[in-house]
Structure formats: C-alpha cells, structure tokens
Protein chains: 2
Amino acid sequence: MESANFEDRCANTPLGMNDLDKWLDTLASDCVPRFTEWMSRMEHWLTNLDPNVQRVALITSGGTLAPLESHVVRYIDNFSTGSRGASSAEYFLKHGYAVVFFHRIGSLLPYMRKVKKYLDSTLCTNLDGSTGPNYSSGSTYLDIFRLDHTGHNVCLTDAVSADLAPIITEYMQFKSRLLLLPFETVEDYLVGLRGITKRLDQFQTHDSANRNRLFCCYLAAAVSDFFIPHDRRPLHKIRSQTDAPNARLVLDLYPVPKLLRNLACSWAPLAFLCSFKLETDHETLLSVASNRLLNNRSHLIVANQLDTRSREVWLMHRLNAGRELTVEHLTLDSHQTPEDLEQLLVTRLVAIHTTLEQ
Amino acid sequence: MESANFEDRCANTPLGMNDLDKWLDTLASDCVPRFTEWMSRMEHWLTNLDPNVQRVALITSGGTLAPLESHVVRYIDNFSTGSRGASSAEYFLKHGYAVVFFHRIGSLLPYMRKVKKYLDSTLCTNLDGSTGPNYSSGSTYLDIFRLDHTGHNVCLTDAVSADLAPIITEYMQFKSRLLLLPFETVEDYLVGLRGITKRLDQFQTHDSANRNRLFCCYLAAAVSDFFIPHDRRPLHKIRSQTDAPNARLVLDLYPVPKLLRNLACSWAPLAFLCSFKLETDHETLLSVASNRLLNNRSHLIVANQLDTRSREVWLMHRLNAGRELTVEHLTLDSHQTPEDLEQLLVTRLVAIHTTLEQ
C-alpha cells in the first residue's frame, strides 16, 4: 500500500509507469466497488458476441467527478452531456464495430439521446434556445403519454408513436453489440480504463484464429484534470460558514495522473488511440492539441472548442507516410446532409483505422 | 456597480441587507439570463391559476452549481438528485397547494420521479443495489418500448402501459397547479429566490379579496456553501498540467451569502419558512441544525443525515406556546403505510401551517 501512496509517489515527480500501475491497484481495491461487475459483464458480453465481429471500439463518454469528501456531498465536475460519445457510438455500431460504452452515470446513452433530442424538439420551444423540457409552455416528457379510452392504460400520442419507430428499430438492431458500463468518479474512470483496455487488447491479439481484429480507443470522456486523492479527503462534509462566518475555503488540488502513455505502451499497444482536447479559447486550441499529440502517444487528437464543438472539429495526426503533422478540419455546414458531426468524424476515423490495418 | 461588488462588500464582513439586495441586482443583470423568463412565466401562471386556490408553496429542489470559469467547463456541484423536493411537491399538490417548483435543470421532477422509480424497479436488478438502468442485464429505458405489428409505430409493453396509468392520471389532474422553473448556477438560485418569494408575498398579501391566503417556503435545494464570485472567475478553462507538469491547483473559494434573513425580514415576512440541513455526521446533526434555527430566522428546520435521509428526518422549531425548542422525529418503518417519508413530512408541515393561520 505505501508504495502506491499518491502523495509520496506522485506529488512532485511524474509517476513512473510501474508506480502508476501499483497506485491503480490500490484505487481498485479501496474506492472502485464497481470494477468486478464491469469485468464480469464484459466477459459475458465478449463470450456471447457474434464471432463475425472483427472490430471493437471502446468509447469513453461524459465527465468524471472528483469528490471533495469521502462521504461525498460536494465534488468538482466537468461540463459534459455525453452527446459526442453517445452519437459516435451509434456510428461505430453502424460501421460494424462492437462498442464498449464506458460512460458517466446519467449522461446521454446511444439511441436514448436521439429519443431525447426528438422529444425536446417536439415539446420544446424554450425562450433561451436551450434544449430540455418545454419550460415555456410547462410541458414535460410526461406529455408524450395519454390515457386510452378505458383510462386504465397509457399510450403514446400518435405522432410520437410513429416518430420514435425508426429510433427503436435501430436500437433493437444494434443493442447486442453494445455494452454499457457506467462510471461516476475519476477513480472509477482511471481503474476502469486500464481493466477494459487490457481485456480488449486480449480480444484483439490473443485469439489465434482471428488475425485481423481491430481495436479503437475513442476517448471522448471529459476527465478531471485535478482532484483530491482519496487518502487526503476529509471524511465528512466540509462545514459551511455557520461555524466560522465569512471564512473562505481553500482547496488544494492535485493533478490527475495521465494514463495514455501506459495505455499506448503497455495496456493496449496495438490499439488505434484517439483522444480529445477541448478548449474554450480558439487562439490556443491547435497549439495545445499539437503539443498533446507530441506528449501523450495518441495516434490522433480530435481538437474541439466549447462553443462550436457540435459543428466543427480538427483531426491532428502524423499517420501519413512522411510522419508530418496533418490537420484535417471537419465541419458541418447547412448544405451538408449528415445529421451529426459525429457521422463525418466516425466515418473518417474508421477509414483511417482501416488504412492502419493494411 | 461598485457598491455591489462582492469582494469589497462581503469578503470580510457580512453583507448588510441593503448591500445584499444591490449585489443581487448586479448578479441579475450580469449572469442570470433566465430571470426575465421566470418572472413572466410566473405572472402568466398566477393569472390563470384557479381562483379558489388559497395556498401556494415554493419548493426549491436539487443542487446549485458553482462555476470555476466564466466560460464554464468546470464547476463545484452538490450531491442532490432532487428526490426530496420532487416527492414533496406531489404531496403539497394533493393537499391543495399551488406549487412553484424551482429546481436544478436535470434533477427529478414531480411525477416523472415516480415514472423513473417504477422503470428502475422494473428494468433493474443492479448488483450494487443502486437505481438506474439495468446495467447488469444491459437493459435501458428504451426497453419499455416495442414495435407494433406494422413495425411503423412504437407502443409501450403491456405491463408498463397499465402500471404507468395511475401516475399519468395524477400528473394530468395536478399539472395546472404546478409551475416548473429551472435553475443551474448558485447565482441563478440566489436571484431567483428573491424574485419568486417577493412575487408570492404579493400573491399572499396584496389581494384584498383573499385575506386567508397562505404561502409556504420549502427550501429543499442543496445550495452551494462556497463559490467563486462571477467577477473573480478566470475567463477561460483553467489549464491542466500539460503546460506545467505536476502543478497543483489552489482554489480560493468565498462563502455564499446567506439570504434567509432577507427572505424572512423583507421579501416575504408572512411566509411559513422551512429550511433543510443535511449533514453526514450524526453526532453533529442536531446541534448544527438547532444553531441554524437560532441564526437564520426559519420557522422550522428539517434536519437530515446523508445515509438515512429517505427514512428519517427531525423537525426542529419553536412554534409551541412556550417558544421552546421542539424536536419531532419522523421515521418510516417497514410497518407503516406511507409510500414515502415526504408524505409524513408534508402532512405534518401542512398541519403546522394551518395552525399558524389561526
């Protein structure tokens, strides 16, 4: 345990790869109770997966939460709906991939996000243009239901019944290739990422009958950059100023260890590794993203900006023959047919992944 | 603007009531774009409210978010599903109250929380006992739908169709007396609380034809204790350690001003004021709650503990003849019929509210 203590090993120098693995072992046993369930469910799912499936994608989605107390009342969170990941999962499934969807509890799920988008546009004309139940008219999602003539059964309103059919049909078609694994804290995420990528690396490499298997890591989750390590959190709720009027609160946060080097070098060295970089400032976006491409061993970075992220992204990679930095700008304009930017994005990534195979 | 500057007026001494009002004026214009919509929707709702309704409750519900940046990527949040508030709203409606439900976007809504509870128990047997989609079997909420024989329309499965009927019936019966107003940030909450309570105070007192109107403030929201005032937030996303490896982040947080004194003395002096106190530590719960009763001018404090909050609460007040501290313990045991603790809680509060009227 001591050797994996976060404070000693990590606060002042970067954790070495072995130390990081030990620290994750400690986390797994101390504060990630879901881990065993994830692994057994993934095993069950892989066993029952259509043997013709040759490609698997791990999609991480939604934000991680960094608890401020051991009995969590307060936490630091990231702004992330999970829309990017949920939408991308649908397109990977359409391209024939099996998908492990490792997501924040309560964030958007594949297909469910389409139902929500449809209901919001049907029920809602929010004055501020935001999505959500139609607060302006007082409608809620419950307004899609009506009572039948007996009054004892609930039906969908006719329009909703017809409009949802294509979404439910698609969901039923693909659900057997989709595994949903939920995380909540940043510790959940770190420990889960290791376990899942190591198992999918086995799936890719350890079955001698399937030499052509491909594994894509699509890391769209908004992972906390700073946290309070679990062995340094106060046990109980941080007291408010009732006890000390007007006292400020100073939080001393530690950087969350970066795992991509371990992932790329050790856990899943053959995986196609795509990571995301979100910034709010356009001026620094591409330089920050290209620095990260140099440092974190991703094959490809998807750079995006907070306020335009649903309309444009930049792919940055060195996958061309000369290993030069390549920047591809993908953008949705009003004349294009794709429904979502993720359709363009995933189609392009699948094409690159196919090239890497050859 | 200067006179309402948070740093100058509030950091070292408690804000006076007038200063607090000025500061809220600044907040309203600088960072609460929803405020105008809330007020116009409440006006419309009050105008159309059944004139026989003599009682109104403001229920606040869910957690407030404290942004760490102006272009919000990260924030400090509170653990709060909104279950208490959503459930309580249903019982206030049953007792004849009109309800303004001022809630965190995405938290549980009245009746919707019943649908969710039903679906979770139907679809779910999560290994860890948590509610949520049935991750163990891979079910999601989409599994309540089926395609009809044509394949072009979606229906509910038969069991779901029958089981949801009582909930939808109840929703339809009460929805005209329920106003949903959504907040997100702690600034939203502070500004909204003032606007809503002042308007409902008018509803209670300014209509000479209705001398018996009652207004109950039921403040169940989990309001941030600490925040970074909007004029002290960095504009862009706080940079992670890509730029400065292993640098820690120190956050200097200010106490959120307490508004209950203003509410009780100025905004709605005739309202029956119930506030909540949540602690994780049973040892300190009742002493902290009784201190708060002395300080914040609530008529009644509902004290509750994180891990038992759905089964027991303590009501603390001085509403008896001798003005002595009274503690009432409300608890759900397995032999009792009430479905939720909120049924006991709201029934008791309504009884007290009725007594105060006389």
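Tutor: We begin with Y111(A), which is buried with a relative accessible area of 0%; buried means under 20% relative accessible area, exposed over 50% and partly exposed in between, with a 1.4 Å probe and protein chains only. This is a predicted model, in which local features need pLDDT of at least 70, side-chain atom pairs count only at pLDDT 80 or more, and totals for chains, interfaces and linings use all residues. Residues are numbered from 1 along each chain as its sequence is written, chains are lettered from A and ligands numbered from 1 in the order in which they are written, and side-chain values use heavy atoms, with hydrogens and water left out.

Student: What is the phi of Y111(A)?

Tutor: Most residues other than glycine have a negative phi. Y111(A) sits in the loop between β4 (98–104) and α5 (112–123) of chain A; helices (H or I, at least four residues) and strands (E, at least two) are DSSP runs, numbered from the N terminus. Y111(A) is not a glycine, yet its phi is positive, about 70°.

Student: Where is Y111(B), and is Y111(B) buried or exposed?

Tutor: Y111(B) also has a positive phi of about 70° without being a glycine. Its place is the loop between β4 (98–104) and α5 (112–123) of chain B. At 0% relative accessibility, Y111(B) is buried.

Student: Which residue is the bridge partner of I76(A) in β3(B)?

Tutor: Four strands form an open sheet in the order β2(A)-β3(A)-β3(B)-β2(B), with antiparallel pairing; two strands pair if DSSP finds at least two bridges between them. The edge strands, each pairing on one side only, are β2 (66–67) of chain A and β2 (66–67) of chain B. Strand β3 (residues 74–78) of chain A pairs with strand β3 (residues 74–78) of chain B over five bridges. In β3(B), the partner of I76(A) is I76(B).

Student: Which residues is T197(A) in contact with, leaving aside its neighbours within four places in sequence?

Tutor: T197(A) lies in helix α7 (residues 186–205) of chain A and is buried, with 0% relative accessibility. Its C-alpha atom is 9.7 Å from that of P269(A), 72 residues apart along the chain. Contact means heavy atoms within 4.5 Å. With those neighbours left aside, the residues in contact with T197(A) are L58(A), F215(A), C217(A), L263(A), W267(A) and A268(A).

Student: Which residues are buried in helix α8 (residues 260–267) of chain B?

Tutor: What covers the buried residues of α8(B) includes α2 (17–31), α7 (186–205), β8 (214–219), β11 (272–279) and α9 (282–296) of chain B. The buried residues are L260(B), N262(B), L263(B), A264(B) and W267(B).

Student: How many helices and strands does chain A have?

Tutor: Of the 358 residues of chain A, 58% count as buried. Among contacts in chain A between residues at least 6 apart in sequence, 69% join residues at least 24 apart. The chain A count is ten helices and 14 strands.
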